[in-house]
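Reader: I'm new to this one. Can you walk me through it?
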Amino acid sequence: MLWTIIGWVVFGLIAGYIARALVPGKDDIGLLMTIVIGVAGSVVGGFLFGLLTVGLRGFQPAGWIGSIIGAVIVLVIYNKVTGRKRVRR
């Protein structure tokens with residue numbers, strides 16, 4: 001059980017960090033929020049992948065690519081909701 005939680009934290013950290021690198025601009029979020037965005041991205045990615053392929057079958061985390069795509073989506077929504085990262089023109 002402990003290793004599962006540690007695995008999710010590390011997985012979320014890596015996926016969240018890659019999503020932060022892919023979304024343009026500077027993110028002023030910390031390590032904990034990066035992990036949360038990565039884990040939430042995995043859930044969102046799994047949900048979207050399930051809808052596109054086999055249909056919705058409950059809670060399914062996604063693989064690396066699905067997690068990163070989901071984390072980018074979650075990060076963009078987070079930035080829109082909180083009003084962070086305004087692009088200067």
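Reader: Let me start with a detail. Which side chain does the side chain of threonine 34 make a polar contact with?

Author: That of arginine 20, at 2.8 Å. Keep in mind that this is a predicted model.

Reader: What backbone atom does the threonine 34 side chain reach?

Author: The backbone oxygen of glycine 30, at 2.8 Å.

Reader: Where is threonine 34 found, and is it buried or exposed?

Author: Threonine 34 sits in helix H2, residues 31–52. It is buried, because its relative accessible area is 2%, and buried means under 20%.

Reader: Leaving aside close sequence neighbours, what is threonine 34 in contact with?

Author: Set aside the neighbours within four places in sequence. Threonine 34 is then in contact with Gly12, Leu13, Gly16, Tyr17, Arg20 and Ile29.

Reader: Step back a bit. How many helices and strands does the protein chain have?

Author: Three helices and zero strands. Along the sequence the pattern reads α-α-α.

Reader: And how much of the chain is buried?

Author: Buried residues make up 29% of the 89 residues.

Reader: What share of contacts comes from residues 24 or more positions apart?

Author: They account for 66% of the contacts with a separation of 6 or more.

Reader: Which residues make up the largest nonpolar core?

Author: Eight residues: Ala19, Val23, Ile29, Ile37, Ala71, Val74, Leu75 and Tyr78. Helix H3, residues 64–82, gives the largest share, with four residues.

Reader: Stay with H3. Which of its residues are buried?

Author: Ser67, Ile68, Gly70, Ala71, Val74, Leu75, Tyr78 and Asn79.

Reader: What covers them?

Author: The cover includes helix H1, residues 2–22, and H2.

Reader: How far apart are the end C-alpha atoms of H3, and what span should its residues give?

Author: The ends are 26 Å apart. H3 has 19 residues, so at 1.5 Å a residue it should span 27 Å, and the two values agree. The expected span counts one less than the number of residues.

Reader: What comes just after H3?

Author: Glycine 83, which takes a positive phi of about 75°.

Reader: New topic. How many aromatic pairs does a search of the whole structure find?

Author: One. It joins the rings of phenylalanine 11 and tryptophan 64, with centres 4.2 Å apart. Their planes are at 45°, so the pair counts as tilted.

Reader: Where in the chain are the two partners?

Author: In distant parts. Phenylalanine 11 is in helix H1 and tryptophan 64 is in helix H3, 53 residues apart.

Reader: Are those two buried or exposed?

Author: Phenylalanine 11 is buried, with a relative accessible area of 18%. Tryptophan 64 is at 43%, so it counts as partly exposed.

Reader: What about valine 10, where does it lie?

Author: In helix H1. Valine 10 is partly exposed, at 43% relative accessibility.

Reader: How far is its C-alpha atom from that of valine 39?

Author: The separation is 9.3 Å, while along the chain they are 29 residues apart.

Reader: Last one. Where does UniProt place the feature "transmembrane region"?

Author: At residues 6–23, 30–56 and 62–81, according to an unreviewed UniProt entry.

Reader: What does the model show over residues 6–23?

Author: That stretch is 94% helix and 0% strand. Its end C-alpha atoms are 26 Å apart.

Key: Residues numbered from 1 in each chain as written. Predicted model: local features only at pLDDT ≥ 70, side-chain atom pairs only at ≥ 80, totals over all residues. Heavy atoms only, no water. Core = buried A, V, L, I, M, F, W, Y, C linked by side-chain atoms within 4.5 Å. Buried < 20%, exposed > 50% of the residue type's maximum accessible area, 1.4 Å probe, protein only. Helix = DSSP H or I, 4+ residues; strand = E, 2+ residues; numbered from the N terminus. Polar contact = N/O pair within 3.5 Å; in protein donor to acceptor, adjacent residues only side chain to side chain. Contact = heavy atoms within 4.5 Å. Phe/Tyr/Trp six-rings, centres within 6.5 Å; stacked < 30°, edge-to-face > 60°. UniProt positions renumbered as here; feature names shortened; annotations may be inferred.
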